[in-house]
Amino acid sequence: MRVPLDALAELVPGLPALDEVVATLDALGLPVDAVHELPGAPAGVRVAELLEVWPHPEADELLIARLSAGVGHQTEVVCGAPNARAGLRSAWVPPGTWLGALETTLGARDVRGVHSDGMLASPRELGLFDHAGGLLALGDDALPGTALADLWPPCTVLELEITPNRADATAFLGVARDLAAKLRLPLRHSADPGDPAALDLGDPSVPDGLRLEVDDPVGCPRFTLRRIEGVRIGPSPVWLQRRLAAIGLRPRSNVVDVTNLITFELGQPAHAYDLRALEGGVLQVRRARPGERLVTLNEETLTLDAGDLVIATPDGRGGSRALALAGVIGGAGDSVRPDTTDVALEVALFQSLTVRRSARRHKQVTDAHYRFERGVDPNLAPLASARATTLLAHLAGGRPHPGISASGADVRSEPIAFRPAQVAWLTTLEVPLDEQRGMLERLGCQVRAPGAEAWAVTPPSWRVDLALEEDLIEEVARLHGYEHIGSTVPSMAFVPPAGDPTHRALRDALVEGGFLETISYAFTGAAELEAARAAQVRVRLSEPQGLERAVLRTALYPGLLAAARLNHAERDLALFEVGRVFLDDEVERVALLLRGQRLAAPWLPGVPVDFYVVKGVLEQLAERFGVSLELRPEAPAHLHPHAAASVVWDGVDVGHVGRLHPEVAAAFELGETYLAELTLPLASRAPALSSVPRQPFAERDLAVVAPLEVAYAEVRARLQAAAGPWLISLEPFDVYQGEQVGAGKRSLALRFRFRHPERSLADAEVEARMKEVMEAARAAGYTLRT
Amino acid sequence: MLERALEEITAAADLRALQQVRVAWLGRKGRVTERLKGLGALAPDERRAAGAEINALKQAIGDALEARERALEAAAVQAQLERERLDVTLPGLRTAAGAHHLLSQVMHKLIDVFRSLGYEVVVGPELEDDHHNFEALNFPPEHPARDTQDTFWTTDGRLLRTHTSPMQVRYMRTHRPPFKVVVPGKVFRNEAVDTTHEAQFHQLEALVVAEHVTMADMRGAIEAMAVALFGPGTRTRLHPTFFPFVEPGAEFAVWWTHPKTGREEWLELGGCGMVHPNVFRAVGYEGVSGFAFGFGLERMAMVTYGVSDIRDLYRGDVRVLRQFRGVA
């Protein structure tokens, strides 16, 4: 929210310099995001009154205006603005004036054959606010001939970040209250001078010819409607235009500007109806009828439902017509117009939830909705109405009716049981009792029974965020200053359990093995998952950022495939990701991708990545983790049907490894690619150390020929069983397929090692075991190759 | 005679030729051996003198053979070494170095710090529900505070967690104080993506609950972390702010030297506060106090290592990933 520094200075007399204000706001929890120095009006520009306006002889769209720029100084300019008319006070830019907003110096010139002595300027041309649809329109307070820069000097604006709990700080008043409380300065409340006689509150007992019908006192707990007659719609005085421009609003007319000022100054939205819009002077607050339509003042047509609260008036045919979406946005037809003379001023309170839901449903983000949604001071409406009424009387010449139509009443917050000792208990700040009391009172709280261990602290109506003792502890700590909180280390009887929830050992092993870690998005496109033949999508986002981010991934490898596609220029890739996938349950996994060469130099033949390279990576991992690894032929849809396996890690099936199916590879524009994807955590076993055996081993080789479809694991299992208890290792040292063994067969050359734990084995003993092995081989239908 | 023998020895070009020379002179039928055999025919006096002469000759030839053999061996080794000469400037055969992702490095650096401070590391689900992500953390339904965390809802009414704080609820419901835990993890916000904002990012948050812990303990914990990360003497700053699940709440900053600009300044890191009584109520705790603090890892990684576009962290471009080698 933007707050002009001079607005704060008016509310807090004695306000210190900018730097201290910024530091104080930061320390209060109203952080200053930026300080804007807004320029004043350009030097040389003068207030001028248009005396006479007539059409340009050569151009339909242009006008010639004779203007007075001070006593005895008349001149003529050409202009094309729609609001140029006799009597308007505006800004005359003499030739030779530097206009910073346009980065140009204005010269004297002829416009279509008519000499123009400088120009009349729009607010944007003057760099005052963003409006180029007409000339700057000034009120009676601006005297012709005055240097505009004297009336419109530069201005400092603070941009504050307001947290959602601080409804009160969405107004200058709330920010000023915090500053005054922290700096121990007085606060001058523009709508509550403390003397009721000084306020034009209106007397509800005096009939004012208006009728207020509030159907829904929950949605609208409070409503005030004030009749003000005889207003003259016109430009606001310069001070009000400057203030609105400083907070980023466009000044429009005195009546509208006053309601906008109230919103920002007090945090109380307000709206002025042209009295002619209220049929019979009746204003209704009711739920909308389903399907009822409302054209907003932005010319948008909203289709309402029963959840919406509307301001309405009888339609003259026995029904009711919506005028505005309560607390959110006004309608197109009800607001003040240039010819408005009598207005009905609405200052009301609407329930946060109702306003929030309507604003969201209709996607209307407005200054009013922002404040109602957070919670407007429930007791503010009459005061704000009085402040607005006084301004309308002064600035628009209005005559307030002595009566007022109102509903609802002041509410009183529940007292909070507050133990001042808890401040030190929770924050360690030692704040004396009288100081704590003073702080709470400066913030507007009422403190009863001081001296007792627990006080009854009633928060002010504007602090809707204060409900618990801890809330008050924060208030005391905030005013005392968080900077006084020390730094201690608690001693606690807590021994954290060990563990590796982030799978660091795994990541370290893979990185040592030359893998680059990637992190991809948890969401992806359904089409991408389908192209990768991943498991069916289970979870979809209801409002995704595009189709390619619409569903939660069901596997990690599609992300690696996408990365490989992105890195198509890289011959060798070794990637991994640790992440979560979303199936019927959320599962954490690791995925690997390998392609190209594993061990390479540019001028030497490297080791091309194939199935056994990937398997080797898994084997090494299993060795490192101290567990067994077994692969069983099995191919999920995305892998090559004859070059893939399920991975059995420490006896548990944890995933798959294999060559990417060539069709999937083609879909991702990839060549031969290898993948593995395993469910985490991967079991690991602490190493069991044993002494190194001293007995030598005996080694025997044997080659068996078996049909191609007989897996090595099967051959091994049979022969291992036959080799007996002294076998310590059995490994293939050659695998041969070709003429010498015949079609459909292959030869496996196996190396057996035997060792007896306690003694040397005699040759005869080893030969006897090998005889068993050979018999088992023959029994299985293998032939022995010699 | 010796002269001739030495000539032949010098002329032997390799060990085999030298062996032939040895046999020719000192072998069983070699010239010197033959002369020794002839000694028997001489008179004893002559025999002694001639014997001494022949032995001297034999010794001289033997020495020369020995020397020549050593020289030839050395030359053979030299020749072998010469043949084995390599061009050491050609590239080596290698598996390219791997790398932890930058965010993993930052995460594990922080985990090390927190482990050394006695914290347990826990992780939780990314797909959460309204109860754990919001309601139990004192975000009432329809509260404007929810707007500060634009949420990815799923069509079945769940959500992607907007912060790591749901793990506070999960952990507290399954453990009893006292404890100190730290939760790293991915979080998600449905916000417009640009160079500094991603729809997916990482947070790390700490939660400490015991019979009596204070805001000073919280500041002490933040300071200990800051010192471990940025060096001794690192200062911290707390400013009041609002998060629904803490009261009092604060944002914290550390005073550091920006590695790029070299300027000393406040680095706003994250949020913190004392656990809100409504959160304790939601998990069934009574008579305890606690604090929590958390922050985004991307921001820390970006300012520390000068990453200019947050999206580079998630693209999987190996030209980026390779730069993460040895970053820590």
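**Exercise 1. Find the partner of A:Glu570 in a salt bridge, and give the distance between the closest N and O atoms.**

Solution. Keep in mind that this is a predicted model.
Step 1: The rule asks for a side-chain nitrogen of Lys or Arg within 4 Å of a carboxyl oxygen of Asp or Glu.
Step 2: The partner of A:Glu570 is B:Arg322, and their closest N and O atoms are 2.6 Å apart.
Step 3: Between chain B and chain A, the count is eight salt bridges. Over all chains, the count by this rule comes to 75.

**Exercise 2. Describe the interface of chain B and chain A: how many residues are in contact, and what area is buried?**

Solution. 
Step 1: Begin with the contacts. On one side there are 94 residues of chain B, and they touch 82 residues of chain A.
Step 2: Turn to the area. The size of an interface is often given as the accessible area lost when the parts come together. Here the buried area is about 7,300 Å², and carbon and sulfur atoms give 60% of it.
Step 3: B:Leu93, B:Glu142 and B:Pro240 supply 9% of the area that chain B buries against chain A, more than any other three residues.

**Exercise 3. Is A:Arg356 buried or exposed, and which residues beyond its neighbours in sequence is A:Arg356 in contact with?**

Solution. 
Step 1: Locate the residue. A:Arg356 belongs to helix H8 of chain A, which covers residues 352-361.
Step 2: Check its accessibility. The relative accessible area of A:Arg356 is 3%, so this residue is buried, given that buried means under 20%.
Step 3: List the contacts, leaving out neighbours within four places in sequence. In chain A the contact is A:Glu373, while chain B brings B:Glu142, B:His143, B:Pro144, B:Arg146 and B:Asp147.

**Exercise 4. Work through some salt bridges within single chains: what are the N to O distances, and where do the residues lie?**

Solution. Side chains of opposite charge can pair when their charged atoms come close.
Step 1: A:Arg211 pairs with A:Glu213, with closest N and O atoms 2.6 Å apart. A:Arg211 has 48% relative accessibility and counts as partly exposed; A:Glu213, with 23%, is partly exposed too.
Step 2: A:Arg276 pairs with A:Asp274 at 2.7 Å between the closest N and O atoms. A:Asp274 counts as buried, because its relative accessibility is 2%.
Step 3: In chain B, the side chains of B:Glu268 and B:Arg237 meet at 3.3 Å, N to O. B:Glu268 sits in strand S8 (residues 264-275) and B:Arg237 in strand S6 (residues 235-240), so the pair ties together parts 31 residues apart in sequence. B:Glu268 is partly exposed, at 40% relative accessible area.
Step 4: Salt bridges can also be joined up, as in the network that links A:Arg166, A:Asp168, A:Asp178, A:Arg463, A:Asp465, A:Glu475 and A:Arg478.

**Exercise 5. Where do the nonpolar residues A:Leu599, A:Trp603, A:Leu604, A:Val607, B:Leu90 and B:Leu93 form a patch, and what is their accessible area together?**

Solution. 
Step 1: These six residues form their patch on the surface, with about 480 Å² of accessible area together.
Step 2: Take one member. A:Leu599 lies in strand S33 of chain A, residues 597-601.
Step 3: With a relative accessible area of 31%, A:Leu599 is partly exposed.

Notes: Residues numbered from 1 in each chain as written. Chains lettered and ligands numbered in written order. Predicted model: local features only at pLDDT ≥ 70, side-chain atom pairs only at ≥ 80, totals over all residues. Heavy atoms only, no water. Patch = residues over 30% accessible without salt bridge, like charges linked within 9 Å, V, L, I, M, F, W, Y side chains within 5 Å. Areas by Shrake-Rupley, 256 points an atom, 1.4 Å probe, with all protein chains shown as cover. Helix = DSSP H or I, 4+ residues; strand = E, 2+ residues; numbered from the N terminus. Buried < 20%, exposed > 50% of the residue type's maximum accessible area, 1.4 Å probe, protein only. Contact = heavy atoms within 4.5 Å. Buried area = accessible area lost by both parts, 1.4 Å probe.
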